[in-house]
Amino acid sequence: MHRPSLSYLHAGLSAIPVSSTKRSTIKWEPYQSSPMDPADCDRHFRSAWGIALVSGPVSGGLEVIDFDAHEHDIGDVFNRFMAGEEVSEIFARYEIPVERSPRGGYHIIYRYESDTYEGNRKLANWPDGQSMIETRGHGGYTIVHPSPGYNMQNGSLLNIPTISKTERDSLITHAKKLNQSINHSVNQ
């Protein structure tokens, strides 16, 4: 994971090493405000299982929309999201990275322009109340390719586009419309 961490650093992203349990292998809070220097990348990533990107201003306004399967068929939900008119227009304008996670989920990865960045936020739940769609925003991180089982479907993490706040808000609004739980509220 050493080489990808340096590539992500050069692409303006703050990366941290993670274990197979998805937990950071280091105290990662300092990297929410400043990326690692190359020497620390060499030391921390040498034997890391995987790599995660830190969201928020430290990574140029990075945010991830995370579609979680949780024993459900997320493919249909993801396809309905992508078929939304505003969503498909945004994807037609930008080469937005999309990756698959080991359990069949999806990550939509972009940067957006803002004066303030939101933290992690639930957008939609499954009927049983489990989280279906959430953001990984400021103060959060997302495990990414080339971590084991994480595969790119579209775009490149070395060239993440910056979309407008209006475009970002359209993606969020469309994701919230996919909520399937009437008994478990999500953040409005």
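**View 1. β8 and the lining of the largest pocket.** β8 (141-144) gives the most to this lining, with 3 residues; strands here are DSSP E runs of at least two residues, and helices are H or I runs of at least four, numbered from the N terminus. This is a predicted model, where local features need pLDDT of at least 70 and side-chain atom pairs count only at pLDDT 80 or more, while totals for chains, interfaces and linings use all residues. Residues are numbered from 1 along each chain as its sequence is written, and side-chain values use heavy atoms, with hydrogens and water left out. β3 (62-67) and β7 (131-136) also supply at least two lining residues each.

**View 2. Into the middle of the largest pocket.** The volume comes to about 530 Å³. A pocket is an open set of points on a 1 Å grid over the protein atoms alone, where a 1.4 Å probe fits, with protein on both sides within 12 Å along at least five of seven lines; lining residues have an atom within 4 Å of a point. Of the 23 lining residues, K22, D66, D68, R136 and Y150 are the closest to the centre. The lining splits into 6 nonpolar, 9 polar and 8 charged residues.

**View 3. The largest nonpolar core.** This core has 28 residues, and Y8, I16, M36, F45, L53, I109 and V144 touch the most other members. A nonpolar core is a set of buried Ala, Val, Leu, Ile, Met, Phe, Trp, Tyr and Cys residues joined through side-chain atoms within 4.5 Å. Buried means under 20% relative accessible area with a 1.4 Å probe, protein chains only. The largest share of this core, 4 residues, comes from β2. Beyond its neighbours within four places in sequence, V144 is in contact (heavy atoms within 4.5 Å) with Y8, I51, A52, L53, E99, I109, Y150 and L157. Apart from this core lies another, of 26 residues, with F78, V87, I172 and L178 among them.

View 4. β1 pairs with β2 in the antiparallel sense over 5 bridges (pairing takes at least two DSSP bridges), and A15 stands opposite L53 in β2.

**View 5. I108 in β5.** I108 belongs to strand β5 (residues 106-112) and is buried, at a relative accessible area of 0%. Setting aside neighbours within four places in sequence, its contacts include E63, V64, I65, F67, F78 and F81.

Terms used. Points joined across faces, edges and corners; volume = space filled by probe spheres on them. Nonpolar A, V, L, I, M, F, W, Y, C, P; charged D, E, K, R; others polar. Buried < 20%, exposed > 50% of the residue type's maximum accessible area, 1.4 Å probe, protein only.
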